[in-house]
Amino acid sequence: MCPLLGVLPVLLLLAAPLPVFDDEDYLPEAFSSPPPVMPSLEQAETGFAPTGASTNQTASVAELPELPEHYTSNDSSREQMPTSANGAIARPPEATMQQTLAKLGVSLEEALRAKELKWNELTGPLDGDDARVVAYLLATSTSLEKLYLDHASVDDVGASSIGESLKSSQHLNTLSLSYCRLGDAGAVALADGITSSARLAELRLAYNAIGDVGAAALSRSLIANNVLTELYLWRNKIGDVGAKALCNALASNRRLALLDLRWNKIKHAVDVFTSNTENRTCWNSSPMFRHLLQRDPANCALTWNIGHSEL
């Protein structure tokens, strides 16, 4: 028997082309199905422009989807953080403070001096009272730079408290609320805080239930914010409408360097955005992860402060 016969199947396997993954899912049929045909504006309501048309226009708030009235920041029905006479976030009751600090495993003095706080998921979910204590620490601390609340079951009420405290925080640069219970209302509350945040550079909201309304609110904050550099929204419920709003905001925001929209419900919006030559020059994505957008600083200037850019 010829020894080459045993090697031939291996050689044929190595010579076969590798499959191209679609970041929507990893189902086997994704390997054999053809790529979607790019829709024109007439073919899809969520398209940016007809094929070949320029889309390099600065986004304005008027172009973004309208938020339902009950999601707006001035809605009186949304739970508000208690504030003191001077407008600062009020200190929660002592018993509530001590209960939450015990879950964090630190004293009040240690919490206010810490540069990083992380919720211990083994202690259970972070409830409304816990969220108010965390928000108070966030607004009061002069040292806290990183806050990790992953797997803490933070809901929209908790996000409302944290979002309000972002307006007062002068040092936080990383906030992670992945694997929680955030919906559109929570995203709206956080977006309201991001707009006024002075230092927040990295926001992680992956694996929640944020949809198009929340994405639209975050897109508005991107237009107003010149600090945030990384926004992670993978594994949410964002569709083409929300994705289009976020991509439109990139025309105005010159600070964001990464937008992660993988594993949402997006069909065409990101592809239409990157199909534009100028957008594709500025933002990179890969065939495997089409909805992970990364700015190319070599071809698209990053602005650190208004009027000052880094090439």
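Predicted model: local features only at pLDDT ≥ 70, side-chain atom pairs only at ≥ 80, totals over all residues.
A residue counts as buried when its relative accessible area is under 20%. By that cut-off L144 is buried, because its relative accessible area is 3%.

**L144 and its surroundings**

L144 is found in the loop that runs between helix 5 (128-140) and strand 2 (146-148). When its neighbours within four places in sequence are left aside, L144 is in contact with A114, K115, E116, L117, L138, H171 and L172. A111 stands 33 residues from L144 along the chain, and the C-alpha atoms of the two are separated by 8.3 Å.

**The chain as a whole**

The chain has 311 residues, of which 47% count as buried, and its secondary structure comes to eleven helices and ten strands. Among the contacts between residues at least 6 apart in sequence, 78% join residues that are at least 24 apart.

**Two helix pairs**

Two packed helices are described by the angle between their axes and the distance between the axes. The table gives these values for two pairs.

| Helix pair | Angle between axes | Distance between axes |
|---|---|---|
| Helix 6 (residues 156-166) and helix 7 (residues 184-196) | about 5 degrees | 7 Å |
| Helix 8 and helix 9 | roughly 5 degrees | within 8 Å |

With that angle, helix 6 is roughly parallel to helix 7. On the side of helix 6 the contact is made by D156, A159, S160, I162, G163 and L166, and on the side of helix 7 by A185, G186, A189, L190, G193 and I194. Sorted by class, the contact of helix 6 with helix 7 has seven nonpolar, four polar and one charged residues.

Helix 8 is likewise roughly parallel to helix 9. Here D212, A215, A216, L218, S219, L222 and I223 in helix 8 meet D240, V241, G242, A245, L246 and A249 in helix 9. The residues of this contact of helix 8 with helix 9 divide into nine nonpolar, two polar and two charged.

**Aromatic rings**

A search of the whole structure finds five aromatic pairs. One of them joins Y179 and W234, whose ring centres are 6.0 Å apart and whose planes stand at 80 degrees, so the pair is edge-to-face. This pair links distant parts of the chain, 55 residues apart, since Y179 lies in the loop between strand 3 (174-176) and helix 7, and W234 in the loop between strand 5 (230-232) and helix 9 (240-249). W234 is buried, with a relative accessible area of 17%, whereas Y179 is partly exposed, with a relative accessible area of 34%.

W234 also pairs with Y207: their ring centres are 6.4 Å apart and their planes are at 90 degrees, so this pair is edge-to-face. Y207 lies in the loop between strand 4 (202-204) and helix 8 (212-224), and W234 in the loop between strand 5 and helix 9, so the pair ties together parts that are 27 residues apart in sequence. Y207 counts as partly exposed, at 42% relative accessibility.

Y179, Y207 and W234 belong, with W263 and F289, to one aromatic cluster. Elsewhere, the charged end of R204 sits over the ring of Y232, 4.0 Å from its centre.

Notes: Residues numbered from 1 in each chain as written. Heavy atoms only, no water. Axes fitted to C-alpha atoms, helices over the stretch in contact; angles between N-to-C directions. Helix = DSSP H or I, 4+ residues; strand = E, 2+ residues; numbered from the N terminus. Parallel < 35°, antiparallel > 145°, perpendicular 65-115°, else oblique. Contact = heavy atoms within 4.5 Å. Nonpolar A, V, L, I, M, F, W, Y, C, P; charged D, E, K, R; others polar. Phe/Tyr/Trp six-rings, centres within 6.5 Å; stacked < 30°, edge-to-face > 60°. Buried < 20%, exposed > 50% of the residue type's maximum accessible area, 1.4 Å probe, protein only. Lys NZ or Arg CZ within 6 Å of the ring centre and 35° of its normal.
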